[in-house]
Amino acid sequence: MTGRQQRADAQRNYERILEVARTVVEEQGTQASLRDIARRAEVGMGTLYRHFPTREALLEALLRQRFDTLAARAEELEGADDSREALRQWLREFLSRASAYRGLTSSMMTTIGDEDSALHASCSAMREAAGRLVKRAQDDGHIRPDIDGMDVFALVSAVGWIAEQGPVVAGRRDHLFSLVLDGLAAGAVSGRAPRSAD
């Protein structure tokens with residue numbers, strides 16, 4: 001096998017492992033079995049470890065894709081006419097993606113404060129893009145002025161974490177999300193009852 005063929009084969013294995021890992025982590029959470037991932041990807045454990053020497057390395061590759069996609073989506077929504085709806089839409093997409101992997105919310109919150117993490121740059125870019133959506137909604141008078149992007153990120157992440165704790169709470173995720181958005185509405189700061197965000 002030539003060097004080019006070896007590289008092509010290695011790239012196919014890398015992509016296959018990531019594809020399978022995405023499915024397995026959605027099923028089992030961030031503590032998913034690496035052996036199960038290797039078996040379903042039809043590669044040996046040695047091949048998996050060559051590409052991803054630790055569980056964290058595999059999760060970082062998966063999460064980086066999600067963070068980058070969310071950052072790009074926030075940038076797209078910056079040009080929307082309705083800044084309130086743009087923020088609501090992004091936050092709903094963020095919550096949906098965060099809820100896809102059990103344990104992901106905790107990983108994201110840890111990454112924000114860990115500058116040594118390989119994911120820190122992607123996570124920060126995502127949070128900064130979302131912060132611009134928050135600022136624009138504030139400038140338009142839709143969001144209360146005494147909060148910042150980190151507040152919004154933490155509150156919605158908390159909803160995602162709570163929803164992971166059991167099916168009863170998970171069934172109320174959308175309701176909890178609406179309550180958070182109601183609390184962020186500009187009217188909430190003066191005690192006026194805000195309109196529902198949904």
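Q: How many helices and strands does the protein have?
A: The model is a predicted one. The protein has ten helices and zero strands, so along the sequence the pattern reads α-α-α-α-α-α-α-α-α-α.

Q: What share of the residues is buried?
A: Of the 198 residues, 41% count as buried. The protein exposes about 10,500 Å², and carbon and sulfur atoms supply 49% of that area.

Q: What part of the contacts joins residues 24 or more positions apart?
A: Taking contacts with a separation of 6 or more, residues 24 or more positions apart account for 67%.

Q: Why does the span of helix 1 agree with its number of residues?
A: The expected span of a helix is 1.5 Å times one less than its number of residues. Helix 1 has 26 residues and should therefore span 38 Å; its end C-alpha atoms lie 36 Å apart, which agrees. Helix 7, with 20 residues, reaches 28 Å from first C-alpha to last, close to the 28 Å expected.

Q: What follows helix 1, and what comes just after helix 7?
A: Helix 1 is followed by Gly 29, with a positive phi near 90°. Just after helix 7, Gly 141 has a positive phi of about 85°.

Q: Which residues of helix 1 are buried, and which helices do they pack against?
A: An α-helix has 3.6 residues a turn, so residues three or four places apart point the same way. In helix 1 the buried residues are Asn 13, Ile 17, Leu 18, Val 20, Ala 21, Val 24 and Val 25. These buried residues pack against helix 2, helix 3 and helix 4.

Q: Which residues of helix 7 are buried?
A: Among them are His 120, Ser 122, Cys 123, Met 126, Ala 130, Leu 133 and Gln 138.

Q: Which members of the largest nonpolar core touch the most other members?
A: In soluble globular proteins, nonpolar side chains tend to be buried together. Here the largest nonpolar core holds 50 residues, and Ile 17, Ile 37, Leu 58, Trp 90, Leu 91, Met 126 and Val 156 touch the most other members. Helices supplying at least two residues each include helix 1 (3–28), helix 5 (83–100), helix 7 (120–139) and helix 10 (173–184). Helix 4 gives the largest share, ten residues.

Q: What does Trp 90 touch?
A: Leaving out residues up to four places away in sequence, Trp 90 touches Leu 70, Arg 73, Ala 74, Leu 77, Met 126, Ala 130 and Leu 133. Of these, Met 126, Ala 130 and Leu 133 are buried residues of helix 7.

Conventions. Residues numbered from 1 in each chain as written. Predicted model: local features only at pLDDT ≥ 70, side-chain atom pairs only at ≥ 80, totals over all residues. Heavy atoms only, no water. Core = buried A, V, L, I, M, F, W, Y, C linked by side-chain atoms within 4.5 Å. Buried < 20%, exposed > 50% of the residue type's maximum accessible area, 1.4 Å probe, protein only. Helix = DSSP H or I, 4+ residues; strand = E, 2+ residues; numbered from the N terminus. Contact = heavy atoms within 4.5 Å. Areas by Shrake-Rupley, 256 points an atom, 1.4 Å probe, with all protein chains shown as cover.
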